[in-house]
Protein chains: 2
Amino acid sequence: MAVYTDITEDELKAFLAEYDAGNLMSYKGIAEGVENSNFLLHTDKAPYILTLYEKRVDRNDLPFFLGLMQHLADRGLSCPLPVARKDGAQLGELAGRPAALISFLEGMWLRKPEARHCRDVGEALARMHLAGEGFALKRRNALSVSGWRPLWDRSEDRADEVETGLKAEIATELAHLEAHWPQDLPAGVIHADLFPDNVFFLDDKLSGLIDFYFACNDFLAYDLSICLNAWCFEKDWSYNITKGMAMIEGYQSVRPLSAAETQALPLLCRGSAMRFFLTRLYDWLMTPPGAMVTKKDPLEYLRKLRFHQAVVSPAEYGLMAGEGA
Amino acid sequence: MAVYTDITEDELKAFLAEYDAGNLMSYKGIAEGVENSNFLLHTDKAPYILTLYEKRVDRNDLPFFLGLMQHLADRGLSCPLPVARKDGAQLGELAGRPAALISFLEGMWLRKPEARHCRDVGEALARMHLAGEGFALKRRNALSVSGWRPLWDRSEDRADEVETGLKAEIATELAHLEAHWPQDLPAGVIHADLFPDNVFFLDDKLSGLIDFYFACNDFLAYDLSICLNAWCFEKDWSYNITKGMAMIEGYQSVRPLSAAETQALPLLCRGSAMRFFLTRLYDWLMTPPGAMVTKKDPLEYLRKLRFHQAVVSPAEYGLMAGEGA
């Protein structure tokens with residue numbers, strides 16, 4: 001949950017005066033997003049999301065994020081659309097923070113997604129990858145392979161507090177990933193954080209993707225591996241091959257994977273499990289007990305990582321024979 | 001901020017099936033309310049507030065709170081209205097908790113209210129007092145004079161941690177209040193928590209009162225004293241007599257105070273300052289550092305209490321000569 005900054009009615013009205021968005025009727029801080037403060041606004045015209053970008057978001061990245069949403073929406077992807085100000089800018093300032101007014105996307109995220117939803121997510125992810133083509137701005141993925149060691153350096157000494165032997169296990173895995181990480185897979189704009197709370201459904205149909213604040217340029221199949229980790233494991237951390245198969249099928253129905261992507265999938269899954277393991281481990285070790293943040297168990301991603309380490313063939317993810325060849 | 005319980009789309013849909021409230025489009029946990037979990041829902045019919053009553057609210061009090069909102073709304077007061085289920089009940093169950101669907105009231109609470117707003121609040125408070133007449137249910141005020149000593153007993157030993165000498169000072173004041181508390185002022189249903197965040201304004205006009213979860217039966221003028229404390233002091237904790245005068249005038253324009261009420265006002269103000277001082281002191285001492293709750297400084301209400309102790313005549317609150325006589 002996240003409302004780091006409260007705002008007064010007067011400063012909000014002054015902010016809205018730069019837009020043609022109707023008269024303010026109400027605004028409520030909402031418990032969504034982790035990095036920013038979000039408000040749900042009603043005007044006499046429409047509902048909107050107002051996002052105040054807090055310190056953890058680099059101001060220089062905002063044109064990429066907002067421009068990307070615009071680019072994707074222009075190409076028919078259902079995602080929140082930054083509302084342009086009267087002067088054409090997508091970004092304003094509120095309570096001393098960069099702030100954007102964004103169209104409100106109806107829909108709900110699924111607390112208990114099923115295989116058919118995973119299929120829809122795979123399809124939407126591939127559509128996003130195609131829609132992202134031609135987007136002029138670039139943003140490197142600071143949380144890909146080259147970013148893992150600096151993150152690990154900050155947690156390594158205390159890793160065994162979480163589980164005995166973890167320090168040695170992760171060091172070995174990290175060295176393996178660094179040595180074998182692919183160099184030349186198809187790349188483009190990826191979402192990089194397409195967890196269930198970032199996908200909306202309405203009447204059991206996927207209605208849109210949200211939260212592009214980790215989006216960046218990287219291997220497209222790496223994005224799929226993030227989704228396999230985020231959607232296709234059960235509460236007991238076992239892999240659900242029916243969901244995995246559905247997701248990969250959905251993805252390939254729009255954008256078939258190349259043979260190289262298919263072969264790389266187990267390694268990419270290990271990598272994305274490592275990425276979420278490392279950020280969660282860091283947060284777990286650094287967040288004081290009782291702080292205003294829900295700590296996510298890093299062990300969830302350690303279990304997933306171990307699953308992927310044991311994978312011998314991409315078929316184990318549910319890829320049909322002959323696919324990706 | 002408050003979302004203690006998350007809910008799944010499926011259980012929410014099952015809950016809404018008992019209502020004639022349209023098809024669910026979205027729901028967001030909102031950062032309002034301290035005791036309960038609140039969600040802002042959009043259906044294809046209207047926006048609603050969904051409240052899940054958490055443990056701190058006594059289930060037996062819910063018919064009083066919900067019935068009161070209905071009673072007040074029926075008498076023309078602008079306040080949220082519990083939506084009746086198809087079977088006529090105002091209360092359902094969701095995620096193992098009592099839950100109510102409530103009409104969404106547009107409007108915003110004022111972070112920086114001015115004297116004219118205080119006048120409107122006084123007027124609305126008096127209207128609420130009149131509208132409350134004839135409400136069949138009763139609820140005693142557990143946070144009035146008889147409730148203060150039990151609360152104090154739980155904080156007394158550690159009071160000097162907050163300010164040296166506090167233990168003796170509060171003990172003396174509490175004995176004074178217990179000895180002199182009025183017995184027979186006009187009584188009725190009071191809001192008991194009408195702070196700025198519980199009063200909505202739209203286009204600079206008061207649009208409604210919310211959050212009746214402290215409402216109870218008590219002296220009507222005690223409710224006014226709570227509002228004087230909550231609205232008419234500045235950030236430096238000094239009393240703003242212009243605001244006080246406006247609030248009392250607004251109140252009396254609808255319901256003139258009796259001579260006994262006017263005379264009792266300084267003592268009632270001391271009492272309500274004591275009430276908020278004691279709950280804040282308790283929370284201050286008992287809440288672990290870094291917990292998910294914003295701790296409110298008990299010293300704010302200690303300063304207000306001392307102001308009221310020094311008041312010699314009710315005129316110091318801004319009562320006009322000859323008023324309440």
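A salt bridge is counted here where a side-chain nitrogen of Lys or Arg lies within 4 Å of a carboxyl oxygen of Asp or Glu. The model shown is predicted: local features need pLDDT of at least 70, side-chain atom pairs count only at pLDDT 80 or more, and totals for chains, interfaces and linings use all residues. Residues are numbered from 1 along each chain as its sequence is written, chains are lettered from A and ligands numbered from 1 in the order in which they are written, and side-chain values use heavy atoms, with hydrogens and water left out.

**View 1. The two domains of chain A.** The assignment divides chain A into domain 1 (9-103) and domain 2 (115-317); such bounds come from an automatic or database domain assignment. Taken over C-alpha atoms, the centres of these two domains are 28 Å apart. Their contact (heavy atoms within 4.5 Å) involves 19 residues of domain 1 and 22 residues of domain 2 of chain A. Between them, about 1,700 Å² is buried, and carbon and sulfur atoms give 73% of this area. Buried area is the accessible area (1.4 Å probe) that two parts lose on being put together, summed over both.

**View 2. Polar links between the domains of chain A.** Across the interface of domain 1 and domain 2 of chain A, 1 salt bridge is found. The interface also holds 6 residue pairs in polar contact, both residues being at pLDDT 80 or more. A polar contact is a pair of N or O atoms within 3.5 Å; within protein, one must be able to donate a hydrogen and the other to accept it, and residues adjacent in sequence count only if both atoms are side-chain atoms. On the side of domain 1 that touches domain 2 of chain A, helix H2 (residues 62-74) supplies the largest share, 8 residues. By class, that side of domain 1 of chain A has 11 nonpolar, 5 polar and 3 charged residues. Here Ala, Val, Leu, Ile, Met, Phe, Trp, Tyr, Cys and Pro count as nonpolar, Asp, Glu, Lys and Arg as charged, and the others, Gly among them, as polar.

**View 3. The salt bridge of A:Asp61 and A:Arg139.** The closest N and O atoms of A:Asp61 and A:Arg139 are 3.1 Å apart. This pair links distant parts of the chain, 78 residues apart: A:Asp61 is in the loop between strand E3 (47-52) and H2, and A:Arg139 is in the loop between helix H3 (115-131) and helix H4 (145-153) of chain A. Helices (H or I, at least four residues) and strands (E, at least two) are DSSP runs, numbered from the N terminus.

**View 4. The interface of chain B and chain A.** In this interface, 32 residues of chain B are in contact with 32 residues of chain A. The two chains bury about 3,200 Å² between them, with 60% of it on carbon and sulfur atoms. There are 2 salt bridges between chain B and chain A; A:Asp6 forms a salt bridge with B:Arg111, with 3.0 Å between the closest N and O atoms. Strand E1 (24-29), strand E2 (37-43) and strand E7 (199-202) of chain B each supply at least two residues of the side that touches chain A. E1(B) gives the most to that side, with 6 residues.
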